[in-house]
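Biologist: I am new to this structure and would like to learn how to read helix packing. Could you walk me through it?

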Amino acid sequence: MASTRPSVEEMVGGSSNKVDTVHETSIRVNTGSSSTMEIHKVCLPPNKTTFQSIKHNFSEIFFPDDPLHKFKNQKPFTKFLLGLQYFFPIFQWGSDYSLKLLKSDVISGLTIASLAIPQGISYAKLANLPPIIGLYSSFVPPLLYAILGSSRHLGVGPVSIASLVMGSMLREVVSPTAEPILYLKLAFTATFFAGVFQTSLGLLRLGFIIDFLSKPTLIGFTAGAAVIVSLQQLKGMLGIVHFTPKMQIVNVLSSVISTEKEWSWQTVVMGMSFLIFLLATRHISIKKPKLFWISAAAPLTSVILSTILVYVFRAHTSAISTIGHLPKGLNPPSANMLYFSGTHLAIAIKTGIVTGILSLTEGIAVGRTFASLRNYQIDGNKEMIAIGVMNMAGSCTSCYVTTGSFSRSAVNFNAGAQTAVSNIVMAATVLITLLFLMPLFYYTPNVILAAIIITAVIGLINYQEAIKFWKVDKYDFMTCLVAFFGVLFLSVQMGLAIAVGVSVLKILMNVTRPTTVVLGNIPGTQIFQNVGRYGDATRVPSFFILAIESPICFANSTYLQERILRWVREEEERIVANKEQDMKTIILDLTAVTAIDTNGLEAIVEIRKMLEKRSYKLVLVNPVGQVMEKLESSRTLELFGEKSLYLTVGEAIADMSKRFKIEI
């Protein structure tokens, strides 16, 4: 053992810890050998006023991207132009727009329009809204996003998850068939409040709130919602007339079995045929991405073919239900339908906030995904404002909640979209459809809409990520499962709420139960590392070195106090069992303690008192700037006495062993 113990000279200044303090005066200590060692003083950070500290913290929380850096040292007119570009990104890329870019955007816009039209109709029915509302929602919002949005590839319109959540939440209070006008009013009002909520998050730069929807939560939630959506489409796939309004898997399956007499074989044959066709085209596009246009055109192709079949054989297909009459014309105003008072206002606000959070999360995640593939960045706060404004405006023009759709964005990206003009082309195509082509949808069968929805949501079941969670982090896997089964067996909103609760619980566990490790010296080096992680790291006789790897605050100060004392007790027992040299000094390495509050300061003082009663000396090592500042201002260091603070673990051991003649 003696040969593996580090010498004083080896440990001088030795530590793997990063130092963010400034070297000031030093003390020369005679080691009794030909060399001397240097003990560095731990210094306070530069002095700041209270206002400066608040300003710094405020800017780091709300303005980590420093959005005003472009305006520095610029002329007034240049600042005006930069301001226009900041709030209206269309001015940023519009000045360099060319015919070459237009060609690419027209092709991609027409391609996503072929997907947007059938999807819009389908998702509106998923939200229990008239099909025409889905087309209205594919016209106004994309135009606004093209002006305000910062993503070049985001395809905007209704999405399945937000449609499902809105439909399920509103249907619990108001029946869309018994009270269709009231239901429509609540849908528009929920859309308005979703927009207000989204815009407020962007303006106040509170986007970090949506980060509480962790990836495991979203993966589990969307997979559960996809299963529920698919099962709900059995109504259309089987031609069932009387179907349960409930969303739980047990109720849906029971309803399917109990209504067996209502099944229509014509509907089943048509539905399964086109579903197989849609899934086959999707599989081809996945295997060969260059053939993306096959799956993009498949929904509209299915609508056209099925409509022709029903029209030609209408005398023999009376059992197949169709969309029926859809009104021609532009979006009618709906501001007069917003519902700002009455007994149902609360559910409208609640639905708006929930769908607003989900649509924000999906839109920003999709935008960032495709931006990373083209090596550009999007501003999350500006995206929130853009999505919020288009939803507020949409609620006044007969639209419901919209955001960036993954399927449309993927098609838009693969079709070669260069700018947000592709959304304008898509909106123009939808406009032509609204003005001239609506009568053609009269014979479109509802079963085709069900098949389109099933094909779209199947892609939301990401089992590969769930397997990855199991391999990497079992807690993330559990969160994913909780969200999935919560949606299946309870409800969409309850499943989401429980999953978010589990995610928050994980955060609380990490905060309230931080990691503490025992450090040892790696022989022949000046490095101190976790003895449980590095087999060759050896304990230093007479010293017990602990590292705390988290901030110390009110939530964990009591735990840390108890855990450190337990570490000391266990070390005492280990020393007795191995008949080693008695422990004299305990070193707390604070390198990883990024912050401390008054509870944390009191905990350190209490730990010192308890250890002092047991004849142990407590030494602190390398507190970071904020921690050092609070140790000084609270006069905690005065209680520790002289020589209780060091810059590195190695210097603490070397100096303490020399002063107290500890043989190491």
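Biologist: At what angle do helix α9 and helix α15 pack, and how far apart are their axes?

Modeller: Two packed helices are described by the angle between their axes and the distance between the axes. Here α9 (residues 180–203) and α15 (residues 345–373) pack at about 55°, with axes 7 Å apart. Helices are DSSP runs (H or I, at least four residues; strands are E, at least two), numbered from the N terminus. Axes are lines fitted to C-alpha atoms, for helices over the stretch in contact, and angles run from 0 to 180 degrees between N-to-C directions.

This is a predicted model, where local features need pLDDT of at least 70 and side-chain atom pairs count only at pLDDT 80 or more, while totals for chains, interfaces and linings use all residues. Residues are numbered from 1 along each chain as its sequence is written, and side-chain values use heavy atoms, leaving out hydrogens and water.

Biologist: Which word describes how α9 and α15 lie to each other?

Modeller: Angles under 35 degrees count as roughly parallel, over 145 as roughly antiparallel, 65 to 115 as roughly perpendicular and the rest as oblique. α9 and α15 are therefore oblique to each other. Their crossing is right-handed, a term used if the near helix is turned clockwise from the far one by less than a right angle, with anticlockwise giving left-handed.

Biologist: Which residues meet where α9 packs on α15?

Modeller: Contact means heavy atoms within 4.5 Å. Among the α9 residues are Leu186, Phe193 and Phe197, and the α15 side includes Ile349, Gly352 and Leu360. This contact has 13 nonpolar, 7 polar and no charged residues. Ala, Val, Leu, Ile, Met, Phe, Trp, Tyr, Cys and Pro count as nonpolar, Asp, Glu, Lys and Arg as charged, and the others, Gly among them, as polar.

Biologist: How do α10 and α21 pack?

Modeller: Helix α10 (residues 215–232) meets helix α21 (residues 474–489) at about 25°, with axes 7 Å apart. That makes the pair roughly parallel, and the crossing of α10 and α21 is right-handed. Phe221 is one of the α10 residues in contact, and Phe484 is one of those in α21. By class, the contact of α10 with α21 has 12 nonpolar, 4 polar and 1 charged residues.

Biologist: And what are the angle and axis distance for α23 and α24?

Modeller: Helix α23 (residues 557–578) and helix α24 (residues 598–613) pack at about 25°, with axes 9 Å apart. α23 and α24 are therefore roughly parallel to each other.
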